[in-house]
Amino acid sequence: MIQFRVTTAASLLALLASPLFASFADAADKVVMQIDGAAAPFYAPLYAGVENGIFEKNGIEVEFIYAAAADILTNIAAGNVDFGFPNGDAVVAAAANGLPVKVVHTTYQRGIGALLAKADSGITGYKDLKGKKIAVTSLASPNYLQLQVGLKLAGLSLDDVSVEVVQTGAIVQSLQAGQVDAIVFSELRKYNLEADGTKITMVLSNDFLPSFGNVVVTNAAKLSENPDLVKRFTTAVTQSYEWVIDGHVNEALDIALDKYAPTWPKDQKGILTTAFEQTFVPTVWQSPLTKEKGLGAADFAGWQKNADILAEYKVIDEAPKAEDFVVDPSTIGQ
């Protein structure tokens, strides 16, 4: 054990200037963040935050690994990883099952699910789906729930439509080929379809079913025992996203495509840029709430409505209280 005894102001100044003290002061906390899915350019702000030294500036050395959302939350609850970046629906389900997980940064202020149909189909909303063939990727997917809620609000039900389950890699093509009349999937696919010359009508699911895309989670014990680390981490996340929002979409995508997701087709950069500039920057990462309270702010009413609807449709047994598993980053450490 190294012990320091400082007896004079001069000796204190000498200590502060010493390389030994600097090595202690500059030591970064090493953390692991497990991200939903696989390395993809959609996580460009986090990658740019590392490459630009933003995490380092906040005293953090972060390693990114990847897994399915449910596995991330299991690992968070067990303390196997420090932070996770799953989708919001999976977090609600984990909280409903009693896992000690906490949302500490609502990074995506809304979900990106949407009803997509060809503009010449006559489909302008859920009211027009009666007798139509609709594709989803799974009967256990959030998009299937969005379809049910949208139909109910339009005075329809699943009995009024034909539901087709189509794999993720083929669902867009099924709409292009006319095999289905509409799909409930990601709004980002609108940009792929329009890039191929297909005009699209889109209805955002978040307009009637508040949900959240990727959010930062940690273990309840870590939040309680080391709020300083959690605060510095969420600050680094906020600053990383702010850098992209402040006019650096192109640079962030270059970082992601060159170093973190090199197998992603480079010819997709144009579509990705459009998606970032038209969807992520203006309305997913930012909202009226973030304008008031900063990026990552917690929309407790939105979280609660999401949980209540998941319980209503028997996705979970009982809705947890949003205040029990969601934290506003501005309050961490207070």
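# Pockets and aromatic rings

Modeller: α5 (69-78), α6 (88-96) and α7 each give at least two residues to the lining of the second largest pocket. This is a predicted model, in which local features need pLDDT of at least 70 and side-chain atom pairs count only at pLDDT 80 or more, while totals for chains, interfaces and linings use all residues. Residues are numbered from 1 along each chain as its sequence is written, and side-chain values use heavy atoms, with hydrogens and water left out.

Biologist: What makes a stretch a helix or a strand?

Modeller: Both are DSSP runs numbered from the N terminus: a helix is H or I over at least four residues, a strand is E over at least two.

Biologist: What makes a space a pocket, and a residue part of its lining?

Modeller: On a 1 Å grid over the protein atoms alone, a pocket is an open set of points with protein on both sides within 12 Å along at least five of seven lines, unlike a cavity, where a 1.4 Å probe fits but cannot get out. Lining residues have an atom within 4 Å of a point. Grid points are joined across faces, edges and corners, and the volume is the space filled by probe spheres set on them. On that basis the second largest pocket has about 450 Å³. It is lined by 23 residues, and Asp89, Ala93, Leu310, Val315 and Ile316 are the closest to its centre. Helix α6 gives the largest share of this lining, five residues.

Biologist: How do you know where the largest pocket lies relative to domain 1 and domain 2?

Modeller: Domain 1 (30-110 + 212-331) and domain 2 (114-207) both contribute to its lining, so the largest pocket lies between them. The domain bounds come from an automatic or database domain assignment.

Biologist: Turning to the rings, how many aromatic pairs are there?

Modeller: There are 17. Rings of Phe, Tyr and Trp (its six-membered ring) pair if their centres lie within 6.5 Å; planes under 30 degrees apart are stacked, over 60 edge-to-face, and the rest tilted.

Biologist: Why is the pair of Tyr108 and Phe280 classed as it is?

Modeller: The centres are 5.7 Å apart and the planes stand at 65°, so the pair is edge-to-face. Tyr108 is in the loop between β4 (101-105) and β5 (113-118) and Phe280 is in α13, so the pair ties together parts that are 172 residues apart in sequence.

Biologist: Is Tyr108 buried or exposed, and how do you know?

Modeller: Buried means under 20% relative accessible area, exposed over 50%, and partly exposed in between, with a 1.4 Å probe and protein chains only. Tyr108 has 3%, so it is buried. Phe280, at 1%, is buried too.
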